[in-house]
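Please keep the sequence and the structure in view while reading.

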Amino acid sequence: MLGEESLFQWLREKNVQAFKELGVKKIVTLSPHSYNAMKNNYSNEFEVFHYTQLLRELIKAGKLNVKEFKAKVTYHDPCFLGRYNDEYDAPREILTAIPGVELIEMERNRENAFCCGGGGGNFYTDILGGGKDSPSRIRVREAYAAGANVLAVACPICMLMFADAVKTEGMEEELVVKDISEIVKESLVQS
């Protein structure tokens, strides 16, 4: 999406060929950007899942036993998981399945969520700059204003953008940024 389309097409062909040779049927991605590319720009011969969809099913099936994780959590909808692929529920279903999590919605959520500011290559180029009105700083202030002490994310770019914004805003004591997988790991019942 940054303009190197012929390289993308070449890599896609090589990857699809390798997946077929390996007998791949399902692909699980960590990044919503990868999820979007694999789901919408690759061969439809593979089932593609974002990791939150897999975690949700594992929790529902009782294969992951979660215990209490006491926190006021707000969830940030990543652009490529939400608006681009209409997946809003899996992350929320995971969070609400964990005892002790109080899920608080920010005013701008789901299809109206505010971008973290890392999209469109800004994560790499910082074209928008990191000033007081940068998207990531605005968003962490919104999370804090909603009453959360944990800002949950499901995207590595959002994670880094917000972790940096929390430090820049001086909110390290008030708000922690955690990936949903971290929250699940911390809430697992040890056997």
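This is a predicted model: local features need pLDDT of at least 70, side-chain atom pairs count only at pLDDT 80 or more; totals for chains, interfaces and linings use all residues.

| Helix pair | Angle between axes | Axis separation |
|---|---|---|
| Helix 3 (residues 51-60) and helix 4 (residues 89-97) | about 40° | 8 Å apart |
| Helix 6 (residues 135-145) and helix 7 (residues 156-169) | roughly 75° | within 8 Å |

On the side of helix 3 the contact is formed by Thr52, Gln53, Leu55, Arg56, Ile59 and Lys60, while helix 4 contributes Asp89, Ala90, Pro91, Glu93, Ile94 and Ala97. Sorted by class, this contact of helix 3 with helix 4 holds 6 nonpolar, 2 polar and 4 charged residues.

Helix 6 and helix 7, by their angle, are roughly perpendicular to each other. Residues making their contact include Val140 and Arg141 of helix 6, and Phe162 and Ala165 of helix 7; by class, the contact has 5 nonpolar, 2 polar and 4 charged residues.

The largest nonpolar core has 28 residues, of which Leu95, Ile98, Ile180 and Val184 touch the most other members. Among the elements that give two or more residues to this core are helix 3, helix 4, strand 3 (71-75) and helix 8 (180-187). Leaving aside neighbours within four places in sequence, isoleucine 180 is in contact with residues including Tyr51, Tyr75, Ile94, Leu95 and Val153. A second, separate core of 17 residues includes Cys155, Met159, Ala165 and Leu175.

Key:
Residues are numbered from 1 along each chain as its sequence is written. Side-chain values use heavy atoms; hydrogens and water are left out. Axes are lines fitted to C-alpha atoms, for helices over the stretch in contact, and angles run from 0 to 180 degrees between N-to-C directions. Helices (H or I, at least four residues) and strands (E, at least two) are DSSP runs, numbered from the N terminus. Contact means heavy atoms within 4.5 Å. Ala, Val, Leu, Ile, Met, Phe, Trp, Tyr, Cys and Pro count as nonpolar, Asp, Glu, Lys and Arg as charged, and the others, Gly among them, as polar. Angles under 35 degrees count as roughly parallel, over 145 as roughly antiparallel, 65 to 115 as roughly perpendicular and the rest as oblique. A nonpolar core is a set of buried Ala, Val, Leu, Ile, Met, Phe, Trp, Tyr and Cys residues joined through side-chain atoms within 4.5 Å. Buried means under 20% relative accessible area, exposed over 50%, partly exposed in between (1.4 Å probe, protein chains only).
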